[in-house]
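Here's a quick briefing to read with the model open beside you.

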Amino acid sequence: MDNKWLYLIQNITENTAIACYEWIGKGDNIAADRAAVNIMRKELNKLPMNARIAIGEGERDKAPMLYIGEKLGKGGEDIDIAVDPLEGTTICAKAGFGSMAVIAISSKDSFLYAPDLYMEKIAIGKNFPNDIIDINKSIRKNISNLAEYKNCDAKDIVVMMLERDRHQILLDEIRSIGAKVRLIADGDISAVIAAASSDSDVDIYVGSGGAPEGVLAASALKCIGGKIQGKLVFKSKEQISRANKMGIKDMEKVYEVDDLVKNDVIFSATGVTDGYLVKGVYKSKDKFITETLLFNSYQKKSHKVITKKY
Ligand code: VTB
């Protein structure tokens, strides 16, 4: 990976966010996602690369997809791409908080090649000892370890999680510990990045969300630091055999950043609607103003880039 890709990728998430602009608050998730996918595919096809979608949108959404295995680009360097053209389609449709256009690129076979399943996740920021979190331990233990290391009370710990029925037991347990829970409607890539960033008050992200979003979040953490552990969630024999065919043998494996993204990576996320990390795209006279998080792992650089485009 080198810097020439940084701005090419930034340009794509910016243009994708701009294409979503007309669908913000229109109540049509599918149209918003389609607009994002179409422009992202068109823009990716202009690049000098021999690229493959390693992490794409899957069957879970039944949305217009950039599908796993799809080939893109004009020819050139072998590259693998992870995309979430519109992370938070419902957020965008409801003009809610925190939708983004997201891409990560890396060398061939760098991203975990996994089917579109759920993944249990736990994530924190950098500069913690390695054993502070353990996805196989109770949430009580994880929060108390974190509080002890931070020299604070468990009641001061801020936990971010998706508001889902499947999280009720986890939520009750966290509340019984007394920690503060910030529930979000969608968008767990942002949530993991927020947990990893020192300029957010979120201490830890927990819960199950999409596995593709887990790989994209790990791409960001590979650049900015922080720790994520993820375990794929299998709900049927069919899902297990599909994963098996994709090379996954250990169904209990705990994936960390370097398992999810093996090599250097570039990550770009442009806000569609205002969120914890970036502002959403807005129009000022005839220009679109966008805010983008642009990270790379080889220089450990993270920028927030504000761009005006016609
Ligand atoms: C999360 C979230 C996404 O899917 O991964 C979630 O980050 C998991 O699926 O924004 P459910 O909605 O079924 O819980 C999204 O909400 C949408 O892709």
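Let's start with a pair of residues: Leu294 has His303 in E13 as its bridge partner. Keep in mind that this is a predicted model, where local features need pLDDT of at least 70, side-chain atom pairs count only at pLDDT 80 or more, and totals for chains, interfaces and linings use all residues. Residues are numbered from 1 along each chain as its sequence is written, and side-chain values use heavy atoms, with hydrogens and water left out.

**E12 and its partners**

- E12 and E13 run antiparallel and are joined by nine bridges; strands (E, at least two residues) and helices (H or I, at least four) are DSSP runs numbered from the N terminus, and two strands pair if DSSP finds at least two bridges between them.
- In the hairpin of E12 and E13, four residues sit between the strands, and Lys300 takes a positive phi near 50°.
- Strand E10 (residues 265-271) also pairs with E12, antiparallel, over five bridges, and Phe267 stands opposite Phe295 in E12.
- E11 (residues 282-284) pairs with E12 in the antiparallel sense over three bridges, with Tyr282 bridged to Ile289 in E12.
- The hairpin of E11 and E12 has two residues between the strands, and there Lys285 takes a positive phi near 50°.
- E12 is largely enclosed by the rest of the structure, because nine of its 10 residues are buried (under 20% relative accessible area, with a 1.4 Å probe and protein chains only).

**The second largest pocket**

- The second largest pocket has a volume of about 400 Å³, meaning the space filled by probe spheres set on grid points joined across faces, edges and corners.
- A pocket here is an open set of points on a 1 Å grid over the protein atoms alone, where a 1.4 Å probe fits, with protein on both sides within 12 Å along at least five of seven lines; lining residues have an atom within 4 Å of a point.
- Its lining has 20 residues, and Ser197, Asp199, Leu277, Leu293 and Phe295 lie nearest the centre.
- Helix H6 (188-196), helix H7 (211-224), strand E12 (287-296) and strand E13 (301-309) each give two or more residues to that lining.

**Annotated positions**

- UniProt, in an unreviewed entry, lists residues for "binding site", including Glu87, Gly88, Thr89 and Tyr118; such annotations may be inferred rather than shown by experiment, and positions follow the numbering used here, with feature names shortened.
- Gly88 lies in the loop between strand E3 (77-87) and helix H3 (89-93), and counts as buried at 8% relative accessibility.

Notes
Buried means under 20% relative accessible area, exposed over 50%, partly exposed in between (1.4 Å probe, protein chains only).
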